[in-house]
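Please open the model in your viewer and keep the sequence panel beside it, so that each selection below can be followed in turn.

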Amino acid sequence: MRTGDYKQSYGELVALIDSPPVWLWSAVLLLALIAAPHLLNSYALSFLMIILITVTGALGLNILTGYTGLISLGHVGFLVTGAYAYAVLVSKYHMPPLVGFLGAGVVPALASLIVGAPSLRLKGLYLAITTLAFSFIINTVILEMRWLTNGARGIQVQRPEIFGISFDSDAAFTYLCLGIAVLTLLATLNIRRSRVGRAFVAIRDNDTAARVMGINLHAYKLFAFVTSAFITGIAGALYGIYLSFVSVEGFPFLLSIEALAILIVGGLGSALGAVLGTILIVLLPEATRLVFSLFSAQLDTSFTTGAQELKSMLYGLVIILFLRFQPRGLVGAWHDIRRTWVHWPLRY
């Protein structure tokens, strides 16, 4: 029987993955994702693309809310800023897609300084309201800057071609989303185990103690805002490409609630939780629709016609249930199951 895991060096303590079976299963999952575009139909492939794009955005928010403990309801503001930055650079000014993706990260990062600097002394509800106001302000600015953004008419976006490789097909675009999602996951995991990541967690747990230990709260909070906005902006660019059309209406406030629900359901402060939460939240409306269709065609029709309202209800219900019965999310549930399996028949 295993008696526990023991770290005998600093290198083991900060290792990215310290378990050979985890490396093995990660490789199997990656191979399955690589093979998926050739095995799934177009409908299932669209869900896979949405999951990969959402994972990227959720990992960005996880740095701000999960690692640093700064609650943000303005996630959609960074998404739409990144989408418009890519659309303007690539579709209007005919810049290379790589420049478009760089702009999709840099522009929201600069915008995060505008909302982050005044919010350095705010916490909890006040910070959440400030970020919420930012998302509405950015929508108004986009609609008013008609000379650049075409206002309410939006901008049409084509699938990119990078280094001579066309991502026009769904399978090719899925590989692009997969590559960016994997790179984002590795980046966030490395940030978490770095000096910066430990400073983020210290600020989240107790900012007063963090200040006493010499951590510059203003600098690290701004860095969290900038990093989160950069990653989120790239996710917004991918989502705009997926939609083939960038407009304010394509980025409703519900996306901010969805992102927050993903972190709560998956487990705050966990990269694995962001992935698991994304899978559950993205597939939940479709799974609910399938259950409704088994009982009555009228229920299926009602779900289709009122999809946005029912999505909001589902997200709210899931958040309440997880906060009440499993506050640590799916990652916490997995840790409980694994602990029970390892230490059975003992309780701990």
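A residue is called exposed here when its relative accessible area is over 50%, and buried when that area is under 20%. With that cut-off in mind, and remembering that this is a predicted model, select histidine 94, which sits in the loop between helix 4 (75–92) and helix 5 (97–116). Because its relative accessibility is 66%, histidine 94 counts as exposed.

Next, colour the segments on either side of the loop. The unreviewed UniProt entry lists, among its transmembrane regions, residues 71–89 and 95–117. Residues 71–89 are 79% helix and 0% strand in the model, with 31 Å between the end C-alpha atoms.

Now turn to the largest pocket, which holds about 2400 Å³ of space. To centre the view there, select Ile17, Val22, Ser26, Leu189 and Leu272, which lie nearest the pocket centre among the 50 residues of its lining. Then show the helices that each supply at least two lining residues, including helix 3 (42–67), helix 8 (170–192) and helix 13 (271–295). Helix 2 gives the largest share of this lining, nine residues. Colouring the lining by class, finally, shows 33 nonpolar, seven polar and ten charged residues.

Notes: Residues numbered from 1 in each chain as written. Predicted model: local features only at pLDDT ≥ 70, side-chain atom pairs only at ≥ 80, totals over all residues. Heavy atoms only, no water. 1 Å grid on protein atoms, 1.4 Å probe; cavity = no way out; pocket = protein on both sides within 12 Å on 5 of 7 lines; lining within 4 Å. Points joined across faces, edges and corners; volume = space filled by probe spheres on them. Helix = DSSP H or I, 4+ residues; strand = E, 2+ residues; numbered from the N terminus. Nonpolar A, V, L, I, M, F, W, Y, C, P; charged D, E, K, R; others polar. UniProt positions renumbered as here; feature names shortened; annotations may be inferred. Buried < 20%, exposed > 50% of the residue type's maximum accessible area, 1.4 Å probe, protein only.
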